[in-house]
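These are my notebook entries on a structure that I opened for the first time. I set down what I looked up, topic by topic.

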Amino acid sequence: MRTFPPYRIQVVKEIPITTREQREEALARAAYNTFDLPSNMVTIDLLTDSGTGAVSAAQEAAAAQADRAYAGSDAYYRFRAAVDDLTSYPHTFPVHQGRAAERVLFTSVLKPGQISVSNTHFDTTRANVELLGAEARDLPCAEFADLDSREPFKGNIDLAALEQTLAGPDGERVGQVLVTITNNGGGGQPVSMANLKAVRELCDRYGVPFFLDAARFAENAWLVVRREPGYGHLTPKEVAQEAFALADGCVASLKKDGIAPMGALIGVRDPEIAKRCEVNLIATEGFRTYGGMAAHDLERVAQGLEEVIDPHYLASREADAAHFADLVTQAGVDIVQPSGMHALYLNAGRLLSHIPPSGFPGHALACELYLAGGVRCVELGSLYLGGFDENHNLVTPAPFELVRVAIPRRTYTQAHLEYVADVLADIAKDPSRVASYRVVDAPPLLRHFNLKLERIPAGA
Ligand SMILES: *Cc1c(COP(=O)(O)O)cnc(C)c1O
């Protein structure tokens with residue numbers, strides 16, 4: 001039996017339909033940076049699944065009656081109840097978005113010169129570690145390096161490497177272990193409960209705090225239910241509760257699995273860390289009962305956290321991603337296997353093998369998807385992760401040239417995703433036509449949000 005979404009569409013928004021000529025012009029005006037495209041020039045926007053999910057009637061109803069008291073509003077207590085239902089952290093704070101949660105928590109935990117160890121730091125997470133003068137060190141598991149392998153938990157942290165780091169000469173400097181579930185920077189792959197338990201043990205043995213970056217906690221829990229032996233009989237909520245319980249705290253952007261336009265969460269056990277977070281929060285985000293969030297967004301998040309953990313919703317979301325993945329691979333475009341839930345990661349390096357890393361095959365494919373079909377997505381390859389010299393030449397390529405095609409929650413139907421697969425299939429018929437790119441301007445930090453590029457026509 002097929003799964004189907006446990007909701008019907010009650011409010012819709014028109015999407016822009018454009019010509020290739022208009023898109024050529026728009027992309028040139030954006031200096032070939034998809035982040036600089038106005039969204040009224042984008043037909044299918046798969047740039048991110050962050051803050052782009054469709055809200056429910058129940059969320060809007062809650063938002064409409066939100067109590068906007070400065071301190072101790074009803075909206076805060078609804079938020080607390082939803083968070084307490086999932087996590088067992090005695091201290092939790094609302095924050096306006098995930099990166100603010102990172103800044104507030106890391107400022108309270110990390111000192112300059114310390115090391116944050118992760119399966120993979122998300123880009124803003126890395127930036128917030130580095131802005132404190134600390135080092136962000138990624139230790140993804142070895143299975144991730146084989147993009148085609150169908151290992152079920154390629155988001156895991158490399159436990160042997162983690163233990164070596166903790167036991168080795170750098171061990172003293174490790175200020176935190178941060179595990180990202182699911183691993184957004186690592187192909188959207190899930191982390192197993194066995195991996196989280198082993199991290200817990202190592203952190204106990206070496207006396208290092210263990211935090212989760214839990215932006216996609218519900219999707220990770222669902223993939224554990226589906227893939228990990230011994231968890232198939234549990235609900236995704238029970239798995240999520242167990243995951244949160246293993247850690248000393250968390251940061252979580254609620255623009256993903258909160259299915260809300262804005263919001264995030266900090267949770268901690270340690271009362272001293274909580275005190276430091278609270279002072280920082282009040283000084284920079286807002287009072288502890290709203291933390292930079294409007295009351296209507298606290299209500300949307302509280303309701304969204306209940307809706308996201310529904311097994312029918314998660315099953316349908318997994319099925320959508322799997323169907324999309326099937327169509328794309330049938331079209332001749334390889335993806336990071338196995339497909340997760342929030343995005344497909346296209347193997348652009350393999351599809352556009354005529355473009356060397358210095359011509360940015362991932363970015364070339366992202367631009368072509370826009371030009372050919374009005375589809376917006378983002379490169380995760382050498383442009384994002386590579387090393388550059390001061391003249392913006394690529395010196396160290398990224399290990400893979402990927403494109404992330406995100407799937408916003410409850411927003412597009414299968415027909416939209418089928419259209420995107422058709423656009424990709426057309427490109428895959430003659431990939432040699434796809435142009436490459438050169439960087440003309442780039443900032444040193446958070447490069448890919450602020451790049452300017454030039455196009456080098458194919459065959460030039
Ligand atoms: C989105 C995201 C963040 C940052 O959250 P924002 O709400 O966008 O600031 C941090 N970590 C991960 C894994 C994310 O996906």
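**Entry 1: the ligand shell**

I began with the residues around the ligand and sorted them by class: the shell has one nonpolar, eight polar and six charged residues. I note at once that the model is a predicted one.

Next I asked which of the 15 residues around the ligand come nearest. I found Gln97, Arg99, Asp213, Ser253 and Lys256.

I then looked up polar atoms facing the oxygen atoms of the ligand. A polar atom in the side chain of lysine 256 lies 2.9 Å from a ligand oxygen. For arginine 216, I read 2.8 Å between an N or O atom of its side chain and an oxygen atom of the ligand. Glycine 98 takes part through its backbone, where an N or O atom is 2.8 Å from an oxygen atom of the ligand.

I also looked up how much of the ligand is covered. Alone, the ligand exposes 380 Å², and the protein buries 98% of that. Two elements give two or more residues to the shell, namely helix 4 (98–109) and helix 5 (123–131). Helix 4 gives the most, with three residues.

In what order do the seven strands of the open sheet run? I read the order as 2-8-7-6-5-3-4, with mixed pairing. Strand 2 (91–95) and strand 4 (135–138) are the edge strands, and each pairs on one side only. From one strand to the next, the twist averages 20 degrees.

I followed one pairing further. Strand 3 (residues 115–118) runs parallel to strand 4, and four bridges link the two. Within this pair, I found that valine 117 has arginine 137 of strand 4 as its bridge partner.

I then looked for a helix against this sheet. Helix 10 (residues 271–284) lies across strand 2, strand 6 (210–213) and strand 8 (264–268), and it runs at about 25 degrees to strand 2.

Strand 11 and strand 14 (residues 402–406) are antiparallel and are joined by three bridges.

**Entry 2: backbone details**

Where does the chain hold cis peptide bonds? I noted one between isoleucine 181 and threonine 182, with omega about -20 degrees. Threonine 182 sits in the loop between strand 5 (174–180) and helix 7 (193–206). I noted another from glutamine 337 to proline 338, with omega near -15 degrees. Proline 338 belongs to the loop between helix 12 (311–330) and strand 9.

Finally, I checked a phi value. Alanine 31 has phi near 50 degrees, which is positive in a residue other than glycine. I placed alanine 31 in the loop between helix 1 (20–29) and strand 1 (44–45).

Methods. Residues are numbered from 1 along each chain as its sequence is written. This is a predicted model: local features need pLDDT of at least 70, side-chain atom pairs count only at pLDDT 80 or more; totals for chains, interfaces and linings use all residues. Side-chain values use heavy atoms; hydrogens and water are left out. A residue is near a molecule or strand if one of its heavy atoms lies within 4 Å of it. A polar contact is a pair of N or O atoms within 3.5 Å; within protein, one must be able to donate a hydrogen and the other to accept it, and residues adjacent in sequence count only if both atoms are side-chain atoms. Accessible areas come from the Shrake-Rupley method with a 1.4 Å probe; for residues, only the protein chains shown count as cover. Ala, Val, Leu, Ile, Met, Phe, Trp, Tyr, Cys and Pro count as nonpolar, Asp, Glu, Lys and Arg as charged, and the others, Gly among them, as polar. Two strands pair if DSSP finds at least two bridges between them. Axes are lines fitted to C-alpha atoms, for helices over the stretch in contact, and angles run from 0 to 180 degrees between N-to-C directions. Contact means heavy atoms within 4.5 Å.
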